[in-house]
Amino acid sequence: RVAGIGDPEELDDASTTLEIDQAKYFNFRIEDIDAAQMNVALMESATRDAAYRLAEIADEYIAGIMAAQASNAVGEDGDDKIFDGSTDVVSEALLEIKQKLDEANVPAQGRWVIIPPWVTRWLLQEQATITNPAWSGVEGVMLNAEIAKLFGFSILQSNNVPNTDGDHYKVIAGVSRATTFADSVNETEAYRPEKFFADALRGLHCYGAKVVDPDCLCVLTCAPSSGDES
């Protein structure tokens, strides 16, 4: 027989409120003469490009929030991991991240780590990584920026890894439940702008993000050797 349990804990909804407090817009026009002489799909192409750029800005914003609020860390500014093929080893840093997450009881399923291209270079060149049976190399077309899988992580590549002072990269690892994100394109409007013989399109993208479980995130601070990013 189970004894009586205590009163239920009251959840504070203020701690889980997600504010949509970011806004970016696009606004472009196509001159009538251009519309007549150029590809009829120009407006559609420009719209897709605008959507991609808005997504990149939102991605940078989310990454910055996660890097600033992660509870776990490997290295720090002034004590960076230096990846240049001869000092720190990327796979060893990944094992340090894994240990931090394991000790924080972060779920093993769905873990990811996001690295910049110059870190990808050194990771793919590591002999220990190439011969590791836990490594799943690139087979076929890479989707959604996934490079491979290693030590239980989906390894993703992005140019939006936060970078302070030009050389302190904040590689973020964790699980998706750590952060929540919401967005919408509130307005998309085609119009004829005053003073121009042209068609124009403008749109407003509103979004917000919040770290709801910082214990599920780990940040690795790393830096390239001189000229390593090129």
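Biologist: Is Cys218 buried or exposed?
Modeller: Cys218 is buried, at 0% relative accessibility. Buried means under 20% relative accessible area, exposed over 50%, and partly exposed in between, with a 1.4 Å probe and protein chains only. This is a predicted model, where local features need pLDDT of at least 70, side-chain atom pairs count only at pLDDT 80 or more, and totals for chains, interfaces and linings use all residues. Residues are numbered from 1 along each chain as its sequence is written, and side-chain values use heavy atoms, leaving out hydrogens and water.
Biologist: And Cys206, buried or exposed?
Modeller: Buried, with a relative accessible area of 13% for Cys206.
Biologist: How many disulfides in the whole structure?
Modeller: Zero, on a search of the whole structure. A disulfide here is a pair of cysteine sulfur atoms within 2.5 Å.
Biologist: Where does Thr221 lie?
Modeller: In strand E11, residues 217-224. Strands (E, at least two residues) are DSSP runs, numbered from the N terminus. Thr221 is buried at 2% relative accessibility.
Biologist: What does Thr221 touch?
Modeller: Leaving aside residues up to four places away in sequence, its contacts include Asp77, Lys81, His168 and Tyr169. Contact means heavy atoms within 4.5 Å.
Biologist: New topic. Which strands pair with E6?
Modeller: E4 (residues 112-115) pairs with E6 (residues 153-157) in the parallel sense over four bridges. E5 (residues 146-150) pairs with E6 in the antiparallel sense, over four bridges. Pairing takes at least two DSSP bridges between two strands.
Biologist: What about phi at Phe151?
Modeller: Positive, near 55 degrees, in the E5 and E6 hairpin, which has two residues between the strands.
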